[in-house]
Amino acid sequence: MSTSVSPKRLGFFSRVLDQADAAERYRLVSEQIIHAEAQGFDSAWVAQHHFNGDEGGLPAPLVFLAGLAPRTSRIRLGTGVITLPMENPVRVAEDTAVLDLLLQGRLEVGFGTGGTPQAFLPFGIESADRGPIYGKYLALIRDAWAGRELAGGNHLYPVAPHLIDRIWQATFSVGGGERAGKDGDGLMLSRTQPRPDETPDAELWDLQNPIIDAYFAALPKGRAPRILGSRSLFVADDRKEALRLADIGLRRSAERFAVSGFKVRGETTADLIKAFDVHVGTPEDVIASLRADTALERVTDLVFQVHSIDPPHDYILRSLELISQKVAPALGWSKQIFANKGPQLAASA
């Protein structure tokens with residue numbers, strides 16, 4: 001099924017990986033999100049990662065977003081994602097309900113099953129068990145937000161039934177897309193994902209379009225689609241400088257992969273750009289490469305991150321400006337369409 005969606009929201013995503021200590025990382029990403037709001041971005045998202053600061057620098061996204069509540073006024077703030085099997089679901093329901101009040105209704109809640117297998121062990125669970133745990137916890141959070149009775153005759157305070165309509169589910173699989181659609185939730189697509197052994201050269205959209213198909217097929221009739229397409233994007237005024245910084249960041253990422261036992265295919269800068277599914281260059285360069293991505297035509301939310309290039313802070317700020325001023329408008333985004341509200345988007349075949 002070929003389905004396109006318009007208009008689109010624009011988002012900024014961070015895994016909090018600036019080349020600095022934790023306190024400085026949090027300061028810099030806060031500035032980046034505040035700058036994104038000033039540039040008209042509709043949303044900003046932060047990831048959750050435990051233990052490995054090279055994989056992601058933020059174990060407590062809800063705490064971080066609470067710090068942004070008094071420093072932002074319009075931009076929607078989201079988790080991309082909370083690794084739900086590692087959490088206490090009732091505490092997640094409580095914390096998100098309170099945070100949404102602090103944000104005056106600007107919270108978006110993305111959930112995922114988690115990643116690195118060894119990260120599950122300190123939480124007393126095995127990675128192999130994460131799927132069933134995820135489903136159980138997500139159902140409990142829905143019940144809690146809705147005000148339904150919990151064990152012991154308890155009810156959540158404060159209740160937050162409106163957050164049920166702001167759930168996003170991240171997935172790499174067609175089955176995950178079907179689950180998100182059936183639940184009526186938003187679908188979160190990653191900036192990159194592993195290629196099957198039989199098709200190592202598959203384009204990212206070749207893997208993600210079937211996920212989108214499954215999502216639309218399962219979505220209840222009358223339910224507006226919410227599809228977030230995350231992409232690695234670094235825009236600069238000068239193409240040569242953009243490629244220089246890309247080479248530094250991508251080689252750093254490739255070295256981390258090698259330490260973990262994974263080899264990235266290719267040696268040149270162009271090889272690494274392809275391997276990491278990165279869009280890099282001048283506005284004209286990245287507009288052309290993003291337009292080739294047929295999955296992006298079908299998303300409701302264009303969300304860009306600088307990982308795995310991770311350029312210096314000032315370059316990130318400039319990239320945000322160029323995205324807002326030149327790149328996103330060429331892809332179907334218009335500034336301040338949605339103000340402080342989520343879009344009510346309809347699909348058109």
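The lining of the second largest cavity sorts into seven nonpolar, two polar and no charged residues (Ala, Val, Leu, Ile, Met, Phe, Trp, Tyr, Cys and Pro count as nonpolar, Asp, Glu, Lys and Arg as charged, and the others, Gly among them, as polar). Keep in mind that this is a predicted model, where local features need pLDDT of at least 70 and side-chain atom pairs count only at pLDDT 80 or more, while totals for chains, interfaces and linings use all residues. Residues are numbered from 1 along each chain as its sequence is written, and side-chain values use heavy atoms, with hydrogens and water left out.

**Cavities**

- Rolling a probe the size of a water molecule over the atoms shows where empty space is left.
- Here a cavity is a set of points, on a 1 Å grid over the protein atoms alone, where a 1.4 Å probe fits but cannot get out, and lining residues have an atom within 4 Å of a point.
- Grid points are joined across faces, edges and corners, and a volume is the space filled by probe spheres set on the points.
- By this rule you get two cavities of 30 Å³ or more.
- The second largest cavity has a volume of about 40 Å³, and its lining is made up of Phe-12, Leu-233, Phe-304, Gln-305, Val-306, Ile-316, Ser-319, Leu-320 and Ile-323.
- Strand β10 (301-305) and helix α10 (313-330) each put at least two residues into the lining of the second largest cavity; helices (H or I, at least four residues) and strands (E, at least two) are DSSP runs, numbered from the N terminus.
- With four residues, α10 gives the largest share of the lining of the second largest cavity.
- The largest cavity holds about 40 Å³ of space.
- Around the largest cavity sit Phe-12, Ser-14, Val-16, Leu-17, Asp-18, Gln-32, Val-306, His-307, Asp-310 and Ile-316.
- The lining of the largest cavity counts five nonpolar, three polar and two charged residues.

**Helices packing on α10**

- Helix α1 (residues 22-38) and α10 have axes that come within 10 Å and cross at roughly 20 degrees; axes are lines fitted to C-alpha atoms, for helices over the stretch in contact, and angles run from 0 to 180 degrees between N-to-C directions.
- α1 and α10 are therefore roughly parallel to each other (angles under 35 degrees count as roughly parallel, over 145 as roughly antiparallel, 65 to 115 as roughly perpendicular and the rest as oblique).
- The crossing of α1 and α10 is right-handed; a crossing is left-handed if the near helix is turned anticlockwise from the far one by less than a right angle, and right-handed if clockwise.
- Leu-28, Glu-31, Gln-32, His-35 and Ala-36 of α1 make the contact with His-313, Ile-316, Leu-317, Leu-320 and Glu-321 of α10 (contact means heavy atoms within 4.5 Å).
- That α1 and α10 contact splits into five nonpolar, three polar and two charged residues.
- Helix α9 (residues 283-291) also packs with α10, at an angle of about 35 degrees and with the axes 9 Å apart.
- α9 and α10 have a right-handed crossing.
- On the α9 side the contact uses Pro-283, Val-286, Ile-287, Leu-290 and Arg-291, and on the α10 side Leu-322, Lys-326, Val-327 and Ala-330.
- The contact of α9 with α10 has seven nonpolar, no polar and two charged residues.

**The α2 and α3 pair**

- The axes of helix α2 (residues 61-68) and helix α3 (residues 89-102) come within 10 Å and cross at roughly 10 degrees.
- α2 and α3 are therefore roughly parallel to each other, and their crossing is left-handed.
- Leu-62, Leu-65 and Ala-66 of α2 touch Asp-95, Thr-96 and Leu-99 of α3.
- In the contact of α2 with α3 there are four nonpolar residues, one polar and one charged.

- Gly-80 and Val-81 are joined by a cis peptide bond with omega about 15 degrees, and Val-81 belongs to strand β4 (residues 76-83).
- His-307 and Ser-308 are joined by a cis peptide bond, with omega about 15 degrees, and Ser-308 is in the loop between β10 and α10.
- Phe-51 is not a glycine but has a positive phi of about 80 degrees; look for Phe-51 in the loop between β3 (43-46) and α2.

Technical notes: 1 Å grid on protein atoms, 1.4 Å probe; cavity = no way out; pocket = protein on both sides within 12 Å on 5 of 7 lines; lining within 4 Å.
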